[in-house]
Amino acid sequence: MAQRSEHRDGLLAAAKSISETVRTHAATAEREGTIAREVVEALVGARLFDAYRPKEIGGLDADPLTLVEMVEAIAFDDGSTGWCLGMGGIIAGLAASRLPDAGIEEVFGPDPQTLCAGGFVPRLEAKGASDGHALSGRFPFASGCKHAAWMVVTGVVEGTRGPDSVRTFVVPAAEVEILENWQVAGLDGTASNDLALEDVFVPATRSFPAYTSRSRRGGPLWKLPVLSAASVGHLGFSLGCGARALDDIADYAETQRFGSSAPIANRPVFQRDYARARTRLRAARLAAFESFGAIAEAGEEATIGQRAELTASVVHAYQTATAAAEFAFRAGGASSLYRTGSLQRCFRDLQAGSQHVVASDEGFERAGQVMLGVGEPTFL
């Protein structure tokens, strides 16, 4: 059994304590395209972002399963907020675990809880110099960019080849342009806009190899490759949203829909499908926790086989949660359509989250190569 953080109970209690704030502002996040300032302040005040930070810079350095539970609790209240907590926490945590000491002092020295946004897909062009790189291009899906002080972006260094040619850079928010292009079908409140950079210089102290760097600080989570570490946010988000959809439809189940002879709670077909969806989601959660627990316990010795099991369990959790939300949405009838209800938001948010590369069927393909002994994909 993987060792759990001493902060687990406190963090989960803190997440519960701000539940009403998150729920109250969920509709505002949808309307404004970014989570409300009151919610950001509540998350920071509860030290939920700080849970990801290495102890060496004053963070709580919680274990992976505690982080999943924490994101799950917030995503249950609002998918967009859970997504921003999960993605923002991992992005800042990876930067905090891998940046050189001089970069840590600049980025996290003034405020260990400083918020970050961005990602690790190499979309920018980087021109190298002896003391740093100049970045140009457009970087997509910067979830949480409206409340972040630093942007963590990734690009390919011009004239280089191989894994080390892809580097991640930490850039002050003031040096990038946020493009207001986040008009989407789900996760509306995440402000996952594109970022535009034009010849922005980043010193070497604020960059690191994206996929091949080893952690300089932090617990077992940060010893993992980027994709495995990112599973924390994705598991918490998908499981939380799926559970909320089932909770919402259970609350609605005493309603008698027009044209029906009985409330849906009394209909055998609904009873069967509800029990099946709930059991499948619980099973997916148990599988994911078992996979992540094994990796956390193994630490730096985690095998590619264990990482393959984790990848498969993340995709499975997404697909199971999405199916649960689809069932709940359909069972709710026409009332599910209204934006005043959270059920439609769970349905749309999971559909949107499922488009992420971590949630794609290709994850099953990569895991299957390892399980069958026919390949060892690097993106695992």
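Helix α9, which covers residues 268-298, has 31 residues and reaches 45 Å from its first C-alpha to its last, close to the 45 Å expected at 1.5 Å a residue, where the expected span is 1.5 Å times one less than the number of residues. The model is predicted, so that local features need pLDDT of at least 70 and side-chain atom pairs count only at pLDDT 80 or more, while totals for chains, interfaces and linings use all residues. Residues are numbered from 1 along each chain as its sequence is written, and side-chain values use heavy atoms, with hydrogens and water left out.

**Helices**

- Helices (H or I, at least four residues) and strands (E, at least two) are DSSP runs numbered from the N terminus, and α9 is followed by Gly 299, whose phi is positive, near 60 degrees.
- The axes of helix α1 (residues 8-17) and helix α5 (residues 64-77), as lines fitted to C-alpha atoms over the stretch in contact, come within 9 Å and cross at roughly 10 degrees.
- α1 and α5 are therefore roughly parallel to each other, a term for angles under 35 degrees, on a scale from 0 to 180 degrees between N-to-C directions.
- Their contact (heavy atoms within 4.5 Å) is made by Arg 8, Leu 11, Leu 12 and Ala 15 of α1 and by Thr 66, Glu 69, Met 70, Ala 73 and Ile 74 of α5.

**Strands**

- Strand β3 (residues 132-142) pairs with strand β7 (residues 193-203) in the antiparallel sense over eight bridges, pairing being counted if DSSP finds at least two bridges between two strands, and Phe 139 has Leu 195 in β7 as its bridge partner.
- Strand β6 (residues 177-179) also pairs with β7 in the antiparallel sense, over three bridges, and Glu 177 stands opposite Ala 196 in β7.

Notes. Angles under 35 degrees count as roughly parallel, over 145 as roughly antiparallel, 65 to 115 as roughly perpendicular and the rest as oblique.
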